[in-house]
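Thank you all for coming; I would like to take a few minutes to go through one model with you. Please have a look at the sequence and the coordinates first, and then I will comment on what was computed from them.

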Amino acid sequence: MEVSAAAAIAIGLTAFGAALGAAIGDGIACSKALEGTARQPEARGPLMTLMFISVGLIESIPIIAVVIAFMLFGKLG
């Protein structure tokens, strides 16, 4: 296997790992927000606001990882 082929596979695995981690983090954040809303319905507004901020920050990680992967993939050729 050539070095560029191995690097392309590594880039794909890196993006996959970032997306998988973000999906797990999103699931945990949303489940805890729903759990908090079920326990204390009057706190729904602040909980949802914090959840949306958290999900936005969690989702920035795979976006950055994919951008870095594309930049590295561009350097291979």
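I will go along the chain, starting with a helix and then turning to charges, surface and distances.

First, the conventions: this is a predicted model, so local features need a pLDDT of at least 70 and side-chain atom pairs count only at pLDDT 80 or more, whereas totals for chains, interfaces and linings use all residues. Residues are numbered from 1 along each chain as its sequence is written, and side-chain values use heavy atoms, with hydrogens and water left out.

Helix α1 covers residues 3-39, which is 37 residues, and spans 54 Å between its first and last C-alpha, close to the 54 Å expected at 1.5 Å a residue, the expected span being 1.5 Å times one less than the number of residues.

Which residues of α1 are buried? With buried meaning under 20% relative accessible area, exposed over 50% and partly exposed in between, for a 1.4 Å probe and protein chains only, the buried residues of α1 are Ile-11, Ala-15, Ala-18, Ala-22, Gly-25, Asp-26, Ala-33, Gly-36 and Thr-37. By contrast, Val-3, also found in helix α1, counts as exposed because its relative accessibility is 70%.

Asp-26 deserves a moment, since this residue is buried yet has no salt bridge, a salt bridge being a side-chain nitrogen of Lys or Arg within 4 Å of a carboxyl oxygen of Asp or Glu. The nearest side chain of opposite charge, that of Lys-32, is 15 Å away, where Lys and Arg count as positive, Asp and Glu as negative, and His and the chain ends are not counted. Leaving aside neighbours within four places in sequence, Asp-26 is in contact with Val-55, Ile-58 and Glu-59, contact meaning heavy atoms within 4.5 Å.

As a reminder, an α-helix has 3.6 residues a turn, so residues three or four places apart point the same way. Glu-35 is partly exposed because its relative accessible area is 36%, while Arg-39, at 67%, counts as exposed.

On the surface, Ile-9, Leu-13, Phe-16, Leu-20, Ile-24 and Ile-28 form a nonpolar patch with about 610 Å² of accessible area together. Such a patch takes residues with over 30% relative accessible area and no salt bridge, nonpolar side chains (Val, Leu, Ile, Met, Phe, Trp, Tyr) being joined within 5 Å and like charges within 9 Å; the areas come from the Shrake-Rupley method with a 1.4 Å probe, and for residues only the protein chains shown count as cover. Leu-20, for instance, is partly exposed at 44%.

Finally, Pro-41 sits in the loop between α1 and α2 and is exposed at 53%, and Phe-52, in helix α2 (residues 44-76), is exposed at 56%.

Definitions and conventions
Helix = DSSP H or I, 4+ residues; strand = E, 2+ residues; numbered from the N terminus.
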